Amino acid sequence: MPIFKRRKRIVVDADPIGAFWSWWSTTGAATLADAVAQRQPADANVELNERIARIHPDLEWELGPGLHAEHVLIVTAAGNPAQRAVARRWLRAAPPSDQIWEYADLRRPGPAVTIQFDGLPPVAIDESVVSIEPDSASVHVGIHHPVFESLSVDTRRRVTFLILDLVLGEEMVETWVGAIDPLAAVPADAVPIGELLPVVAGFAAEHTLEDGSPAWKMLEGTRDGQRVIATAEYPLRSIRRPHLDTHVAVSIRYPMVREDGLPESEMLDELRAFEDHLTDRLGGSGNLLAHETSAGTRILHYYTDGTTPADAQLQAATTGWPHGKVTLTVEPDPAWHNVAHLAG
């Protein structure tokens, strides 16, 4: 069963991620592997708790069997968007996997297990049933387990999310699952929990390009009486690129010729070329996730890695636009709230 711990004492390191991997490479990996092999991980867990707490006190960790190695160490934000970036940076700094250890920052789906919390009855995942309701944007689920009747509402919810993470994996839950409802009673349309993964995986396949990259969708509406055209990556979920925690909105003015305020074809070509120019300057430090066009202004929604100079790179690249003012607005936004109106 995965082990979850919280830290009691926090020591500040100038580079806590670098310090963690230095400790791991010299003594941590071998010590923990030996402790697991001897079924006595408690002492080793104490130092692991401490080391991860220095990275961020709200991170959680798990040990389990790896997919390609004997063990996996998972350090996760546990559904908290504010900490996903630091967990992903921890993973990106990890050494290559070997026969003993591999690493992840998201919980993975696994075989049916029994969840055991201190002081609570065991929860066998395969005894759960689920209601499944897909719509055009996501799959809504309700989960019932026989033990739920004896649990508090908060505990029931905690167990529900852990069941979903273990059945679907954290990334699939955060990306494709919409409303999640812990159910005290068996729903009328209940099916075994084992039927959930194929439904959600099929839904994801229908909304993803053949190469596995995200699809884009077009939206249209009005703002202050003006027509608005937008396109956005679908679905807009920060868990896909959690290290991109900074929103950079590039607002580009263009001359209005059409009555509806949208650019005529030649101007649209220039806007697209300018967009390509900006995006090229980012390299791997950010992505364009959406744009909106209305009333003589095109807004490009970039998300960047806040530990890089990506916003300065974009600012430098905006010079030379001959048709109007270009402004940048930079704001930390790990949950991608600033594009929530385009998420669908």
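Guide: Helices are DSSP runs of H or I with at least four residues, and strands are runs of E with at least two, both numbered from the N terminus. An axis is a line fitted to C-alpha atoms, for helices over the stretch in contact, and angles between N-to-C directions run from 0 to 180 degrees. This is a predicted model, in which local features need pLDDT of at least 70 and side-chain atom pairs count only at pLDDT 80 or more, while totals for chains, interfaces and linings use all residues. Residues are numbered from 1 along each chain as its sequence is written, and side-chain values use heavy atoms, with hydrogens and water left out.

Helix H7 (residues 265–282) packs against helix H8 (residues 310–317) at an angle of about 145°, and their axes are 9 Å apart. On the H7 side, Phe274, His277, Leu278, Arg281 and Leu282 make the contact (heavy atoms within 4.5 Å); on the H8 side, Ala310, Gln313, Leu314, Ala316 and Ala317 do. By class, this contact has 7 nonpolar, 2 polar and 1 charged residues, where Ala, Val, Leu, Ile, Met, Phe, Trp, Tyr, Cys and Pro count as nonpolar, Asp, Glu, Lys and Arg as charged, and the others, Gly among them, as polar.

As for salt bridges (a side-chain nitrogen of Lys or Arg within 4 Å of a carboxyl oxygen of Asp or Glu), the whole structure has 16. One of them joins Asp105 and Arg88, at 2.6 Å from N to O. Asp105 lies in the loop between strand S3 (101–104) and strand S4 (114–115), and Arg88 in helix H3 (residues 81–92), 17 residues apart.
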